[in-house]
Amino acid sequence: MKSLRKFSYNIVRWFDSEAAAYDGNENIQGDPQNSRSVNWQRIIPFFAVHIACLSVIWVGWSPVAVAVCLFMFWLRMFAITAFYHRYFSHRSFKTNRFWQFIFAVIGASAAQRGPLWWAAHHRKHHKHSDDDHDLHSPKHGFLWSHMGWFTCEEAFKTDYSVIKDLAKFPELRFLNRFDILVPFLTALALFGFGHLLEIYYPELGTSAWQMLIWGFFISTVILAHGTFTINSLCHTWGKRRFSTRDQSRNNFWLALLTLGEGWHNNHHRYAASAKQGFYWWEIDISYYILKVMSWLGIIHDLRSVPQRILDEGRQLDGKLERDSAERSIRLGS
Ligand SMILES: [Zn+2]
Ligand SMILES: [Zn+2]
């Protein structure tokens, strides 16, 4: 009976992420517990999204379905990197309430929970990078940093005390609380789109189910793991230009995959900047798009990297190059 009650509490929280958690004493608890053990029932939707991808065996593929999968990946990766991360978490540029809402919705369609939840956790990550309070530091285990940390009770709640500037917008609080709504509507829209293509453009060889699996499920899973690499791989694999107090790294490949987030050591050195690729050779696609959006008047006041930090980086690069040249000479002699 007790386990059934717990299960029903968890099911309610799939739909209303801020519904009270079950405290184990048949009482509704206002504040979810601070446990770091995995709540398997609460994360059934996360598994379901992965398992749904397997139905590709039945639905097959078509060029248009793969193209929509890639489009949905890039669109939502941009919304996550440029808005969930650089805008909501770091306030690295400004925009109006309309565009803030539009990109919050696109970000929410990535099924990485609401903008307030995301930003609150991320602000704490910067405050406690790689110390004991950093929930997703690889020091607690690589797999944990990649996809374990958000499965525990401590992670489910949104800490409103660190995002007061964002919580004053009721539309953001709504998206955050009912965080399954936008992903569900996105999946439904893709299903409908596939159905229309099937009727009006049968020569494309796609279907409603194919569009749902490729456009939503496969795209969402690649996007999720792409985002997770910044917490896991970008704190373990790559170069450290700046000796920040955390273990952040710069990684070209991850920067390509995540539209610029792979310059994570740069970012930990100066997180307030809208740009994470500090120099022209550090490809940062999200920043290029943000720049175009600023020319169009959609966003403004992009914060840049101070010259002293750029100079510091160049000096450190020179030192790294000298050190490695010395090493190779020593090895050669
Ligand atoms: Zn980090
Ligand atoms: Zn950040």
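Residues are numbered from 1 along each chain as its sequence is written, and chains are lettered from A and ligands numbered from 1 in the order in which they are written. Because the model is predicted, local features need pLDDT of at least 70 and side-chain atom pairs count only at pLDDT 80 or more, while totals for chains, interfaces and linings use all residues.

**Exercise 1. Find which residues of α15 are buried, and say how they are arranged.**

Step 1. Helices (H or I, at least four residues) and strands (E, at least two) are DSSP runs, numbered from the N terminus. A residue is buried if 20 or more other C-beta atoms lie within 10 Å of its own, exposed if 12 or fewer, and partly exposed in between; C-beta atoms are placed from the backbone.

Step 2. Sort the residues. Helix α15 covers residues 285-295, and its buried residues are Ser-286, Tyr-287 and Leu-290.

Step 3. Look down the axis. The buried residues of α15 fall within an arc of 95°, so they line one face of the helix. The arc is taken over the directions from the helix axis to the C-beta atoms. The general rule: an α-helix has 3.6 residues a turn, so residues three or four places apart point the same way.

Step 4. Check the other side. There, Val-292 and Trp-295 of α15 are exposed.

Step 5. Find the cover. The buried residues of α15 are covered by elements including α4 (63-89) and β4 (299-300). Contact here means that the C-beta atoms of two residues, placed from the backbone, lie within 7 Å.

Step 6. Look past the end. Gly-297 follows α15 and has a positive phi, near 85°.

**Exercise 2. Describe how α4 packs on α5.**

Step 1. Take the geometry. α4 and α5 (residues 97-108) pack at about 125°, and their axes are 8 Å apart. Axes are lines fitted to C-alpha atoms, for helices over the stretch in contact, and angles run from 0 to 180 degrees between N-to-C directions.

Step 2. Classify the angle. α4 and α5 are therefore oblique to each other. Angles under 35 degrees count as roughly parallel, over 145 as roughly antiparallel, 65 to 115 as roughly perpendicular and the rest as oblique.

Step 3. Assign the hand. α4 passes α5 in a left-handed crossing. A crossing is left-handed if the near helix is turned anticlockwise from the far one by less than a right angle, and right-handed if clockwise.

Step 4. List the contact. α4 brings Leu-75, Arg-76, Ala-79, Ile-80, Phe-83 and Tyr-84, and α5 brings Phe-103, Ala-104, Ile-106 and Gly-107.

Step 5. Sort the contact of α4 with α5 by type: 8 residues are nonpolar, 1 is polar and 1 is charged. Ala, Val, Leu, Ile, Met, Phe, Trp, Tyr, Cys and Pro count as nonpolar, Asp, Glu, Lys and Arg as charged, and the others, Gly among them, as polar.

**Exercise 3. Describe the crossing of α11 and α12.**

Step 1. The angle between α11 and α12 is about 140°, with the axes 7 Å apart. That makes α11 oblique to α12.

Step 2. The crossing of α11 and α12 is right-handed.

Step 3. Residues of α11 in the contact include Leu-190, Phe-191 and His-195, and those of α12 include Met-211 and Phe-216.

Step 4. The contact of α11 with α12 divides into 8 nonpolar, 5 polar and 1 charged.
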